[in-house]
Amino acid sequence: MSDVALFTLLGPLGVALLLVVAGNLRRSGYAALALSLLMAQANVIASVIVLSKAWGAPAVTVETPWLWASGKTMATVGVHIDPISASMLFVVAVVAMCVQFFSVSYLSDEPREGIGRYFTWQSLFLFSMNALVLAPNLLQLFVAWELVGLCSYLLIGFWYTKPSAAEAALKAFWMTKLADLGLMIGLILQYRWTGEFAFTHEAAVALGPMVSTVALFYFIAVMGKSAQFPLHIWLPDAMEGPTPVSALLHAATMVAAGVYLVVRGWPIFELAEDTRLFMAMIGGFTAFFAACVAIVQTDIKKILAYSTCSQLGYMVAALGAGEMTAGYYHLTTHAFFKALLFLGAGSLIHAVHSNELSNMGGLWRKMPVTAVTFGIGTLALSGIPPFAGFFSKDLILEALLHGAEHDQPLLYIPLVLCVIAAGMTAYYMFRVVFLAFFGEPSAHAEHAHEGDLGILGPLVLLACLSFFAGIPVLTSLTGQWGHAAHFHVTGLGMLALALALGGIGLAWQLHLRGGTVPGLGALAPLGDIARSHAVDRFWRNLYLGGLRGIAKSVAWFDRYVIDALINLVGVGALQGAEQVRKVQSGRGGDYVYAVFLGLIVAVAWSVVLA
Amino acid sequence: MWASLSPLAADLVLVIGALSLLIVDLVLPHGEKKVLGYGTAGVFIAGLLATFLLDLSGEALGGAYVGDGMALLVKRIVYAGGFIAVLGSLDYGERHWPLRQGEYYQLMLYSVLGMGLLGGVEDLILLAVAFELMGVPLYVMAAFARKDKLAVEGALKLYLTGAVSSAATLYGFSLIFGAAQSTRLQDIAVAASSAPSPILWLGASAALAGMGFKLGVVPFHMWVPDTYRGTSPPFVAFLAVGPKVAGIAAVARLFLHGETALLDGVAPFALLLVWSTIIVGNWMAVPQTSARRLLAYSGVGHMGLVLLGVVAGTHTALAAVMFYGAGYLVTTAGAFLVVSALTDEQGSDELDRFAGLAQKSPFLAFAMLVFLLSLGGIPFVVGFWAKLYLFLGAWGAGFAWSVVLGAMASVVGLFYYLRVARTMYMDEPDAQGISVDMGTQFAIVLCLVFVVGMGVVPQPFVAIAEEAASALLRP
């Protein structure tokens with residue numbers, strides 16, 4: 001089994017390296033495409049084998065030391081196979097294959113060189129993501145974490161001639177890198193405390209009183225990667241990349257890596273109660289806030305991006321409430337139906353050559369397969385039974401309620417936010433459906449037609465999975481991960497369902513019938529707030545202003561304070577050096593003064609010490 | 001007598017090689033001086049081979065020099081740095097100073113000789129001599145393009161600050177001698193723990209300040225950007241790496257000698273230097289528009305981290321410093337060689353000259369990207385392990401806040417490194433193709449191999465670094 005798992009690492013890596021090294025192969029485009037696609041399929045088969053072997057079996061870890069220092073192993077590489085990693089491996093493999101298939105048709109107009117580059121990075125991403133999923137320790141996870149970030153940077157910037165794409169790529173990279181500091185500091189802390197990077201229960205216990213601090217640092221990185229408020233702002237901008245990339249990285253897999261980190265490091269997070277409360281609050285607020293913003297967007301990909309933030313917020317909230325399986329289960333179901341929605345959006349964008357909802361409309365006759373599969377994805381995301389999203393969302397709400405009733409009353413806050421967000425989710429998703437598929441066709445939509453099999457095949461496959469990932473596997477799957485969950489009809493679930501149906505009704509009234517709802521105008525200011533880019537502006541100012549500001553102030557300090565001090569001191573003692581200054585054009589003398597300044601500090605220090 | 005010189009066999013290879021080349025230079029006709037460059041490269045290779053094939057252990061010069069693991073590692077690093085720098089200068093020297101190539105390589109060999117000695121000094125006097133042997137040729141080499149005003153100005157700044165720093169170092173050494181009554185580093189370390197005195201701390205502080213100049217530690221860094229910017233481009237690939245590694249080894253030998261009492265005495269001052277260096281280096285790099293100035297400030301920032309490792313004063317941290325030094329050498333030398341190739345072709349190293357480099361020269365752009373990623377500390381290149389190892393070491397020694405500062409600075413670092421990467425890959429090129437001479441190309445490939453190799457298989461290098469650290473501190 002472990003050799004099959006190793007194949008999922010080395011296969012895609014081999015393809016990526018081959019394509020990097022063999023420039024002609026890459027530039028030919030189609031050879032790169034074929035290689036990458038074949039590997040993606042082989043990867044699915046391998047992941048199925050791994051999942052079937054890991055099912056119900058004890059965890060298998062194969063690692064080999066990579067770096068050892070002071071006689072003890074510091075870093076190992078290898079694979080850790082248990083039902084948790086095997087499930088994620090499968091999800092990544094399926095979505096990656098669908099996305100690569102979809103990309104063939106989607107990017108058919110690109111120059112060959114671009115296609116080659118795209119599939120090289122896709123293979124590199126597959127390797128990095130698999131390495132992250134199978135990591136036997138947090139250090140390997142961190143290494144892979146950085147690599148998927150790099151792949152995200154490369155793929156968002158795929159259309160690098162577009163300035164907005166290039167800027168979005170940079171923004172995503174910096175934002176997540178800033179958050180990754182947390183992971184790095186957490187890792188160092190954990191290593192100092194326990195001497196290893198393990199995510200086992202023993203390691204968590206060994207952390208003792210530090211466990212909450214370490215978990216908090218890890219969670220900062222999670223907030224960056226999984227786009228939690230207020231570090232979420234890179235995700236909507238990342239939509240500048242090709243739509244299949246958004247489906248794979250920014251909906252199904254890479255953004256979920258943050259949640260996966262919590263799942264993997266669950267023994268640590270389980271003990272970190274304070275941190276988990278913070279997580280639940282952040283998650284609940286993100287679920288609500290991002291749903292608010294999604295309501296007022298007009299770009300279909302932006303709506304889906306904010307929706308992803310919102311759904312990731314649900315997962316984080318569930319984890320914060322202490323129910324790991326609920327959060328992880330939502331990750332799996334969400335991966336399928338959100339990838340489906342993104343690919344469906346890609347199909348629409350491919351047909352009408354625009355992201356704007358106003359350029360769509362009336363498309364269901366022209367694109368029936370897209371319409372039906374997108375509809376299924378929407379129902380799943382809105383939490384309508386019998387699709388997967390209903391069950392996973394229900395588990396999360398139950399988990400929050402259970403936590404609020406039994407150990408932490410503050411959990412009622414994220415619970416309420418999540419329940420309200422459930423209604424909003426249904427509203428904004430059905431708004432998309434009604435505006436894109438129904439109503440009057442716009443000028444752009446006149447000549448729209450359905451894509452070929454490469455576009456429709458993945459849609460159908462993912463639509464099926466959006467159903468089968470639900471009730472058919474719910475209990476057995478969660479049972480494999482830990483505590484098996486069962487679905488019960490509860491009042492809370494019915495309330496969420498009712499809100500979702502209400503949201504659909506509202507969307508129908510407003511966007512299909514063109515009617516109004518009395519009193520809705522009063523909510524307009526809320527829309528303005530959501531539409532404003534206050535959070536974006538804050539970070540931009542902090543980054544650009546802060547960085548430039550600090551640079552300027554350091555420069556100012558260099559020039560005026562240090563200079564002034566030097567001049568002050570220089571009057572008496574440094575007459576000789578003043579002569580040197582005259583010999584030189586001027587600034588060179590300052591440099592010598594700087595040396596003296598350092599010396600003076602040294603002398604002053606010695607005097608203080610004496 | 002010869003037996004006692006055996007630890008210096010590799011150094012003797014350099015001396016004999018340099019003297020032979022001096023004679024060859026006399027008989028070589030004009031127009032064929034490029035041979036001297038190949039000869040110098042050969043001498044460095046011979047020196048490197050000597051470090052691997054000969055037994056260089058033991059004491060020499062009456063105990064003033066010892067051939068331990070630290071000495072060996074520093075020799076290998078600086079010889080390799082010399083080799084890379086020669087390769088980068090071959091073509092440039094032939095075009096810009098065809099008749100003076102012999103002098104250039106002579107100076108380079110002597111400077112490297114000094115660096116090689118610094119790894120194993122056991123005596124203040126040899127330390128001072130080796131430091132100057134390393135430094136004085138650099139002043140001359142910096143001014144080699146004597147008609148170029150910027151180069152001469154840069155060289156003069158290097159020289160002026162260098163002279164003052166040497167004075168400070170020697171002043172410090174004399175105070176240390178006065179307090180410890182010995183020039184042996186071993187005795188000084190003992191004296192620092194058994195009979196500490198303010199005079200000793202004063203001397204140690206002054207010595208640290210003086211030696212900090214060579215490392216480019218703030219506030220002794222001000223020459224760095226100007227000199228890097230002004231002097232001939234391939235020379236920067238020499239100046240920016242070897243002297244730093246040798247300098248940090250010398251600082252480590254002086255302050256961490258079995259005991260850390262001498263270091264403890266100056267630790268707050270040293271930590272002040274570390275902080276100011278990390279902050280000023282990284283933040284001043286942000287607004288730079290010249291590639292060499294940018295790399296100069298970023299190099300200053302890296303030296304702050306390296307010095308942090310020394311200040312941490314544990315075996316792990318020192319091993320990390322040596323590993324960082326080796327990784328820094330190949331990464332920075334490679335980056336400066338790319339800049340050198342570009343500057344040479346286009347007459348400027350402004351960042352906008354990097355626009356569209358990926359289309360003009362995919363090789364240079366890819367190499368630069370790898371070097372930038374390494375400087376930024378991304379996995380699978382050496383910079384990642386170097387940073388992680390150093391942070392672990394420093395945190396373990398109780399310098400948590402400094403590590404946090406360093407980690408934050410490395411994020412800032414990515415800000416400006418990626419700006420260069422973006423310009424290379426995402427902007428439209430303005431001019432056509434770039435040709436890179438064979439020597440520089442080979443040197444860049446060599447750097448690439450090590451940057452990636454040490455990133456993927458760090459273990460052998462870490463083992464060597466640990467052995468070097470064991471020469472001074474117990475694990």
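Modeller: **Leu254 of chain B and its surroundings**

Leaving aside residues up to four places away in sequence, Leu254(B) touches Leu127(B), Leu185(B) and Ala207(B), where touching, or being in contact, means that the C-beta atoms of two residues, placed from the backbone, lie within 7 Å. Before going further, please note that this is a predicted model, in which local features need pLDDT of at least 70 and side-chain atom pairs count only at pLDDT 80 or more, while totals for chains, interfaces and linings use all residues. Residues are numbered from 1 along each chain as its sequence is written, and chains are lettered from A, with ligands numbered from 1, in the order in which they are written.

Leu254(B) belongs to helix α11 of chain B, which covers residues 242–255; helices (H or I, at least four residues) and strands (E, at least two) are DSSP runs numbered from the N terminus.

Stepping back to the whole of chain B, one finds 20 helices and 2 strands, and buried residues make up 69% of its 475 residues. Of the contacts in chain B with a separation of 6 or more, 82% are between residues 24 or more positions apart. The C-alpha trace of chain B spans about 65 × 55 × 40 Å along its principal axes.

Another helix of chain B can be followed in the same careful way, namely α16(B), which runs over residues 362–376. The end C-alpha atoms of α16(B) are 21 Å apart, and this agrees with the 21 Å that its 15 residues should span at 1.5 Å a residue, because the expected span is 1.5 Å times one less than the number of residues. α16(B) is mostly covered, with 12 of its 15 residues buried, including Leu364(B), Met368(B), Phe371(B) and Leu375(B). The elements of chain B that cover these buried residues include α13 (291–312), α14 (315–346), α17 (382–396) and α18 (400–426). After α16(B) comes Gly377(B), which has a positive phi near 85 degrees.

Chain B also meets chain A, in a contact that takes 55 residues from chain B and 49 residues from chain A. Among the elements of chain A that each supply at least two residues to the side touching chain B are β1 (60–69), α7 (163–194) and α26 (587–609), and α26(A) gives the most, with 15 residues. The residues on that side of chain A divide into 37 nonpolar, 7 polar and 5 charged, where Ala, Val, Leu, Ile, Met, Phe, Trp, Tyr, Cys and Pro count as nonpolar, Asp, Glu, Lys and Arg as charged, and the others, Gly among them, as polar.

Definitions and conventions: Buried ≥ 20, exposed ≤ 12 C-beta atoms within 10 Å, placed from the backbone.
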